[in-house]
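Hi everyone, thanks for coming.

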Amino acid sequence: MADTTTSALNWASVENGKVKTTTSKKSDESNNGTMGYDQFLTLLCAEMQYQDPLEPTSNTEYVAQLATFSQLEAMLGMQDTQKNEMANNLVGKYVILKVSDETTGKTSYVDGKVDYVMYQEDGSQMLSVNNKLYSIDTLDTVADSAYYEAIGYAKTITNMLDQLPDIENITTKFSGAIGEIRKVYDGMTDYQKRFVSEDDLAKLKKYEQKIKDLGKDAADDKKTDDTKTDTDTKTDDTKTDTDTKTDDTKTDDSKTENGSGQKSDETTGA
């Protein structure tokens, strides 16, 4: 204790009746602007040295000041410990970070799983999310895996819908992609479906109705073509039957003429 007090006195100096403390650059970097035991003892020793001799401070007051400072430092140390424990507990959790762009000042949100926590020299913590480091002070929300999975499904449906063209340009070749979106949605739980926006769901229904209408039009066209083909076939068959009957009639007439002629010849010969 005596060595520390002596060292503190050596650091303290008085200029124009005011206490001035001098510390090394390395000490300033390690303290990070917070008062530690060394700085407190420097001020305490300077107070003892330059106190009013007519109204000196009692030893009890000095001890009380030291005890108060010790309690304050212990509380600050406990806060740092709790903050470190909180950062460690975030590993593996899904979080949402509120990040501000240093250039534009625009605020955006980043979500993902915390891979690890990195502790800086100044005592601050950095969270690794999506292979990038963010200050723990940007933490906005901590989510469980069910919530994060639901958000992921909702984003997947949004991205799949964004890849489709406008409703006016939809053709039957997109029926497979639209069917895949419906398959993803139907495979979600009721809790996950709550995170799908109403706009996306309405958009999906419009695409499905468009494909249904295109399929109906194609079926009607095919039915028309089949009816036309049957009519043409029946017409051809009728024409063929008519031609066949005409040929048969001509053949019968020829036979009649040949028979009459032969009979006349026989009569004449007789």
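So, how many bridges join S3 to S4? There are 7 bridges, and the two strands run antiparallel. Before I go on, please keep in mind that this is a predicted model.

Let's stay with those strands for a bit. If you find Val99, you'll see that Ser108 in S4 stands opposite Val99. S3 and S4 make a hairpin with 6 residues between the strands, and in that hairpin Gly105 takes a positive phi near 80°. S3 has another partner too: 4 bridges join S3 to strand S7, residues 139–143, and again the two run antiparallel. On that side, look for Leu97, whose bridge partner in S7 is Leu139.

While we're talking about phi, here's a bit of background. Most residues other than glycine have a negative phi. Now, which loop does Asn130 lie in? Asn130 is in the loop between strand S5 (125–129) and strand S6 (132–135), and its phi is near 55°, a positive value in a residue other than glycine. Asn131 is found in the loop between S5 and S6 as well, and its phi is positive too, near 65°. As for the surface, Asn130 is partly exposed, at 43% relative accessible area. Asn131 counts as exposed, with 74% relative accessibility, because exposed means over 50%.

Okay, on to the aromatic rings. A pair of aromatic rings is described by the distance of the centres and the angle of the planes. In this model the count comes to 3 aromatic pairs. One of them is Tyr94 with Tyr148, which is stacked: 4.1 Å centre to centre, with 20° between the planes. Why does it count as stacked? Because planes under 30 degrees apart count as stacked, and this pair has 20°. What I like here is where the two rings come from. Tyr94 is in strand S3 (residues 94–100) and Tyr148 is in helix H5 (residues 145–162), 54 residues apart, so the pair links distant parts of the chain. Tyr94 is partly exposed, with a relative accessible area of 22%, and Tyr148 is also partly exposed, at 26%.

Next comes Tyr191 with Phe195. Their ring centres are 5.2 Å apart and their planes are at 75°, so this pair is edge-to-face. The cut-off for that is planes over 60 degrees apart. Buried or partly exposed, which is Tyr191? Tyr191 is partly exposed, with 32% relative accessibility, and Phe195 is partly exposed as well, at 26%.

Over the ring of Tyr185 sits the charged end of Lys193, 5.0 Å from the ring's centre.

Last stop, the surface. Which residues make the nonpolar patch of about 250 Å²? They are Tyr116, Met118 and Leu133. If you want to find Tyr116, go to strand S4, which covers residues 107–119. Tyr116 is partly exposed, with a relative accessible area of 39%, so it clears the cut-off of over 30% that patch residues need.

To wrap up, if you take one picture away, take S3: 7 bridges join S3 to S4, 4 bridges join S3 to S7, and Tyr94 in S3 pairs with Tyr148 in helix H5.

Notes:
Residues numbered from 1 in each chain as written. Predicted model: local features only at pLDDT ≥ 70, side-chain atom pairs only at ≥ 80, totals over all residues. Heavy atoms only, no water. Patch = residues over 30% accessible without salt bridge, like charges linked within 9 Å, V, L, I, M, F, W, Y side chains within 5 Å. Areas by Shrake-Rupley, 256 points an atom, 1.4 Å probe, with all protein chains shown as cover. Salt bridge = Lys/Arg side-chain N within 4 Å of Asp/Glu carboxyl O. Buried < 20%, exposed > 50% of the residue type's maximum accessible area, 1.4 Å probe, protein only. Phe/Tyr/Trp six-rings, centres within 6.5 Å; stacked < 30°, edge-to-face > 60°. Lys NZ or Arg CZ within 6 Å of the ring centre and 35° of its normal. Pairing = 2+ DSSP bridges.
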